[in-house]
Amino acid sequence: MKASIGTPPVDIYGVADTGSNLVWTQCVPCDDCFNQTYPKFDPQKSCTYSEISCHSEKCHEWDQVHCSPQNSCNYISGYVSGGSQGVLAKEKASITSTSRQAVSFDIVFGCSHNSNLIYDGHETGIIGLGSGPLSFVSQIGSKRFSYCLLPFGTESTNPSITSKISFGNGSEVVGDGVVSTPFVDRDSGHGYYVTLEGISVGEIYVPFNSSGKVSKGNMLIDSGSPALSLPPDFYDRLKVEVMKQISIDPIKNDTLLGTRLCYGTQITNENGPILTVHFEGADVELKPIQTFNRPIKRFEYYCFGITNIGSEDNEFSDGTGVYGNYVQANFLIGYDLETRMVSFKPTDCTKL
């Protein structure tokens with residue numbers, strides 16, 4: 001997601017992440033950082049930059065901070081694949097409105113001087129879209145936002161099309177075909193946790209738990225994770241049913257693929273099943289374009305984009321699943337922080 005910070009403004013490109021809450025970007029000097037294509041933000045070149053004092057309330061809205069001898073508010077933010085460290089600071093941020101005007105806000109962000117995430121390209125950091133006090137959504141005072149993600153791989157076939165995200169009035173997801181499910185609070189933070197009851201493969205219903213009982217908020221909707229990751233028992237039962245309904249033989253004993261379910265032929269609406277995800281009060285229908293993708297460009301492998309949380313680097317050992325971005329593609333997905341609902345509307349995101 002593109003935003004600008006500083007005076008004069010500098011573009012930053014953060015991973016739009018509903019699974020986390022801090023906005024941060026790599027800053028000069030960067031002691032240990034991932035490669036990024038765009039220049040790093042240099043706080044000394046911005047006249048609106050100011051570090052937050054350790055004594056301010058804002059500093060302690062983040063749970064992992066410590067004071068430096070100079071009284072600056074040093075933060076740490078951890079993710080599944082690494083982390084970021086730096087100082088919390090105030091800055092002017094702006095995004096473009098529908099009338100093409102830049103709208104600016106004062107925000108607290110992390111100026112990262114040390115980050116070991118595995119990025120290598122356009123990303124400069126992360127834009128946290130959770131519901132915590134320091135998330136981008138909370139800081140700009142938006143009670144709702146929505147986005148429409150392109151199917152995996154679109155950017156390599158047509159680089160001129162981008163995914164869209166919008167905030168505030170006009171970003172509501174309404175109209176024909178919209179389904180909505182409530183999100184629930186969990187102790188572990190300010191994410192969007194929803195309740196998944198089961199998934200149908202074609203007409204066959206596979207329950208989340210063999211016992212039929214599920215705990216509320218058993219799935220985190222996470223735009224910053226790729227796959228839909230499920231607890232091992234549920235994943236195994238689902239995979240068996242998917243294999244039954246695809247008449248082609250899967251690829252076997254390939255060391256590169258490990259335990260993933262992959263085929264040597266593209267899985268399409270003709271030869272692959274539709275999966276219906278049954279959230280509480282909302283059935284979301286996934287076509288093969290959302291459930292099978294080609295993970296390695298140089299091989300004709302088409303792999304099931306749903307994985308086992310046991311096999312992923314995952315922080316959820318308690319059986320919480322993650323609803324990642326592959327299966328969110330081609331839906332307009334809206335988050336309403338007042339009604340506490342997430343809404344899904346099937347949409348061709350390449351046409352928005």
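I began with Arg144, which at 16% relative accessibility counts as buried (buried means under 20% relative accessible area, exposed over 50%, partly exposed in between, with a 1.4 Å probe and protein chains only). I note that this is a predicted model, in which local features need pLDDT of at least 70, side-chain atom pairs count only at pLDDT 80 or more, and totals for chains, interfaces and linings use all residues. Residues are numbered from 1 along each chain as its sequence is written, and side-chain values use heavy atoms, with hydrogens and water left out.

Next I looked up the partner of Arg144 and found a salt bridge with Glu338, 3.1 Å from N to O (a salt bridge being a side-chain nitrogen of Lys or Arg within 4 Å of a carboxyl oxygen of Asp or Glu). Glu338 lies in the loop between strand 26 (331-336) and strand 27 (341-346) and Arg144 in strand 10 (residues 144-148), so the pair ties together parts 194 residues apart in sequence; strands here are DSSP runs of E, at least two residues, and helices runs of H or I, at least four, numbered from the N terminus. Glu338, at 52% relative accessibility, is exposed.

I then turned to Arg340, whose salt bridge with Asp185 has its closest N and O atoms 2.8 Å apart. This pair links distant parts of the chain, with Arg340 in the loop between strand 26 and strand 27 and Asp185 in strand 13 (residues 184-186), 155 residues apart. Arg340 is partly exposed at 30%, whereas Asp185 is exposed at 62%. I also recorded that salt bridges with shared partners join Arg144, Glu172, Asp336 and Glu338 into one network.
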